[in-house]
Amino acid sequence: MLCTGLFLIGLDVTVMNVALPSLQWDLGPGPQGLLWIADGYTLALACCVLAAGVWSDTHGRRRAFILGLALCGTASVGGGLATGTGQVVAARLAMGCGAALLMPSTLSLITVVFPDLAARRKAVAVWTCVAGLGALGGPVIGGLLVERYGWRAGFWINVPVVVGALAATGRWVPESRHPRPGPLDRAGMGAVTCGVGALVWSIIQGPVRGWTDPGLPRRRSSRAA
């Protein structure tokens, strides 16, 4: 069940990439819109994962897992019903935030569910394999869904997975948190979030804007064409 949430993360990283041509035909986003639809999920995940890990240790890993599932499911419904590029990008960003809550909590919960060291090693090995399978399965599953049902199916596929994982989590997964959490370093978490976000954003925008571009708006030439 924990691996179901992890598989969802890997799937959502790549599932929309194969849907971009169909989405462009339907909604007509520009190159920047397509770029943010493809990479907004990864950007939000990278920005929030460290802060989400600290939050889950403090407030409860099971709670973070459930919140992440709910956020991914709600955002997937929003993406499936979207009628514009901005709505799709917002859904992908929200899904990335939900994935940031899922990723650290799944691994932390394994240590609680499997207290025996040998069983824990096997569980971590399965966890690692599922993470890879989710990323590899995204293009295949996405291609089949898009070909048969259109780009919106890349969002709707998450909904039954989230509903099943939520039901199983509420029944079988115990709550756990750090026994003596220290005070939250809000300034440090904010600095790390902004720093990682700037780094990932630069990697995403570099091939488009050029690696030497300072990121400032360009002035339009005053000369007549």
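Trainee: In which helix is the place of Ala168?

Mentor: Ala168 has its place in helix H8, where helices are DSSP runs of H or I of at least four residues, numbered from the N terminus. The model is a predicted one, in which local features need pLDDT of at least 70 and side-chain atom pairs count only at pLDDT 80 or more, while totals for chains, interfaces and linings use all residues. Residues are numbered from 1 along each chain as its sequence is written, and side-chain values use heavy atoms, with hydrogens and water left out.

Trainee: Does Ala168 count as buried or exposed?

Mentor: Such labels rest on relative accessible area: buried is under 20%, exposed over 50% and partly exposed in between, for a 1.4 Å probe and protein chains only. Ala168 has 12% relative accessibility and therefore counts as buried. Leaving aside residues up to four places away in sequence, Ala168 touches Met1 and Val173, a contact being heavy atoms within 4.5 Å. Its C-alpha atom is separated by 18 Å from that of Pro104, 64 residues apart along the chain.

Trainee: Where are Pro21 and His59 found, and are they buried or exposed?

Mentor: Pro21 belongs to helix H2 and, at 56% relative accessibility, counts as exposed. Pro21 and Ala191 are 170 residues apart in sequence, and their C-alpha atoms are 36 Å apart in space. His59 is in helix H3 and is partly exposed, with a relative accessible area of 27%. Between His59 and Ala44, 15 residues apart in sequence, the C-alpha to C-alpha distance is 21 Å.

Trainee: How are two packed helices described?

Mentor: The description consists of the angle between their axes and the distance between the axes. Axes are lines fitted to C-alpha atoms, for helices over the stretch in contact, with angles from 0 to 180 degrees between N-to-C directions. Here, H2 (residues 20-27) packs with H3 at an angle of about 135 degrees, and their axes are 11 Å apart. That makes H2 oblique to H3 (under 35 degrees is roughly parallel, over 145 roughly antiparallel, 65 to 115 roughly perpendicular, and the rest oblique). Leu20, Leu23 and Gln24 of H2 meet Leu34, Ile37 and Ala38 of H3.

Trainee: At what angle do the axes of H5 and H6 cross?

Mentor: The axes of H5 and H6 cross at roughly 160 degrees and come within 9 Å. These two helices are therefore roughly antiparallel to each other. On the H5 side, Met103, Thr106, Leu107, Ile110 and Thr111 meet Arg120, Ala123, Val124 and Trp127 in H6.

Trainee: How many aromatic pairs does a search of the whole structure find?

Mentor: The search finds 1 aromatic pair. Trp151 and Phe155 have ring centres 6.3 Å apart and planes at 80 degrees, so the pair is edge-to-face. (Rings of Phe, Tyr and Trp, the last by its six-membered ring, pair with centres within 6.5 Å; planes under 30 degrees apart are stacked, over 60 edge-to-face and the rest tilted.) Trp151 is buried, with a relative accessible area of 3%, and Phe155 counts as buried at 0%.
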